Protein chains: 2
Amino acid sequence: MELGGASADTLLQLPWLPVNISGSQLLAKSWFGDASYHILLTDMSCVWEERMDSAAIQRRAQELNRRLKAQVRAFFSHLCEVAQPCLSGSSDRAATNAQMSLTRQEEGNISMRLKSELAGLPFYWEFHCAPAPVTSVCVQLVRPLLSMSRLLHRQVEQLGGLLLRKDAEIQDYRENGATLSRERLQTDVFEERTYREEFMAKTLPLLCLEQQDDLGLDTDLQNLYAAVVAHGNVRKRKLSEERVDEEDQTFTEELDLTPSLGVGPVTSESAEKDREDLQNGREDATKSKMADRPTGQQPATRDPSERSPSKPKKKKVGLFR
Amino acid sequence: MELGGASADTLLQLPWLPVNISGSQLLAKSWFGDASYHILLTDMSCVWEERMDSAAIQRRAQELNRRLKAQVRAFFSHLCEVAQPCLSGSSDRAATNAQMSLTRQEEGNISMRLKSELAGLPFYWEFHCAPAPVTSVCVQLVRPLLSMSRLLHRQVEQLGGLLLRKDAEIQDYRENGATLSRERLQTDVFEERTYREEFMAKTLPLLCLEQQDDLGLDTDLQNLYAAVVAHGNVRKRKLSEERVDEEDQTFTEELDLTPSLGVGPVTSESAEKDREDLQNGREDATKSKMADRPTGQQPATRDPSERSPSKPKKKKVGLFR
């Protein structure tokens, strides 16, 4: 079954991509399988999702496109092509000529209508997203965000400790009569409590005022999110492997994780590049995850090259009969 | 209406208290009004809630206690007395002689049965908690955790900057020939990228292995949570006041927020005290919030002294007829 734990697991590894649909600023995760998809959206006030399998896609496509008689696989590649750029805030969006609009519905659902052109005729699609199960919200947001907070808090503590050691070193130089050649290099003694109180009083009001496309989940936090969820997955796999074989063979893999995920310093100039890296990274991560699987299971994600708009698609012809 | 936005808003200001019921480690928030309550529970894999108004409490109490003929207000104080310690991980729990057990149900709900004694007869209660609406999970967990991550990340950046300045000062002393009297005081030059990579490689695996009663939301993070949600509330109030009066009179209040919330250094020894402070703080916060209201609204929370088990309660007598 394509739409079970496998798609949710793959979705977890994806970054939350900022998208703007009809003026609604959202973060999105989307996974497109062979003829199925799973999307997650959030505006940080709610989280919505839609999971669709092949049969449901076929039904809805025929309801929305009366003249469409093709099998689901035949038009699904077109749907991927036009929907994915819209759901990943990609610059390819304009190239597809697709129009996407979002409607918030009374019962708390959201509907996204997509209009594009297929074989010279209009092709319509609608994503019907309902509030996601709370368990998904916990997996995709609550737990990663808590782990991120815990990690960052440890880091704050450690850096505070390092600053105290720097101050002890500076004090020793001074007590031995050392002076600075440039007075502006002199720093204040770091006093943790005072620092923290001033930081909170200054930064908290500013943070709440910021209006951001990424809804606050900026590139650095996205990198941290990626590291945290990837680690959780390595650990899960490790635990299940331990049940079969008690030897701890994945320990080195776990320690090597961070550099490969690009958890390094990120400058604002390189933010766009990083986003691309994350996108590529997600495909690499998915592939390596697939390759790791002990059974000869079929990879659940489509080869990205299959979706390339530059490739000719035989299936496109004759969908509307 | 007691059970609307007011209870949700009050609940937001409360800390998540670690409780262990039948071996299930959970975090809980509970609000008991005049004859109504609202509880939230999470194990970080799901979030459950139950909101009950006076009429619903009356019905369930009579279903579970056939001989109970009293009005809801008459036995509700007893329910508060025995349920609150169970839902706040308090040491008073043993004193009430109440037994609480938790059952996970197939449809994803949890049920908590409470057995105590009232006027010499057994008194039964059940909390029926269903998965909380996603919007509640966003308000109570996702948004605060994201704000916490953002704040902590800023702090990490700032502390990294401070370390670079300390290194510049140290380098200047050294270049001018200064030496240390004790070699062990010498620190390594802080290199942000290397530090971060090593930190992630070391700390991430350790963090995931830790099993904690607080499910990872330790005292420091609780303090940060309190600061973030209190700020959000001040801001909300401020915005609604601005609609009435464009003058920004609450700005000083906003800046003074942090010290009063005790966002200072917290040692592990003072964790228990801090938890008590948080508990007291929540009542103070609630009261000051109420006092702040422009209209002469009745405070929605009960006076804590009313619930004190040491006070004789006339209402206790004759509930079972």
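Predicted model: local features only at pLDDT ≥ 70, side-chain atom pairs only at ≥ 80, totals over all residues.

A: R51(B) and E49(B) pair up in a salt bridge, with their closest N and O atoms 3.9 Å apart. That falls inside the rule, because a Lys or Arg side-chain nitrogen has to be within 4 Å of an Asp or Glu carboxyl oxygen. E49(B) has a relative accessible area of 13%, so it counts as buried, the cut-off being under 20%. R51(B), at 34% relative accessibility, is partly exposed.

Over in chain A, D43(A) and R104(A) make a salt bridge too, at 3.3 Å from N to O. This one ties together distant parts of the chain: D43(A) sits in the loop between strand 3 (37-42) and strand 4 (47-52), R104(A) is in strand 5 (residues 99-104), and the two are 61 residues apart. D43(A) is buried, at 17% relative accessible area, while R104(A) comes out partly exposed at 46%.

Then there's a pair between chains. R154(B) bridges to E210(A), with 3.0 Å between the closest N and O atoms. It runs from helix 4 (residues 134-175) of chain B to the loop between helix 5 (192-209) and helix 6 (219-244) of chain A. R154(B) is partly exposed at 26% relative accessibility, and E210(A) is partly exposed as well, at 29%.

There's also a network of salt bridges that links R150(A), R154(A) and E210(B). Over all chains, the count comes to 24 salt bridges.

Definitions and conventions
Residues numbered from 1 in each chain as written. Chains lettered and ligands numbered in written order. Heavy atoms only, no water. Helix = DSSP H or I, 4+ residues; strand = E, 2+ residues; numbered from the N terminus. Buried < 20%, exposed > 50% of the residue type's maximum accessible area, 1.4 Å probe, protein only.
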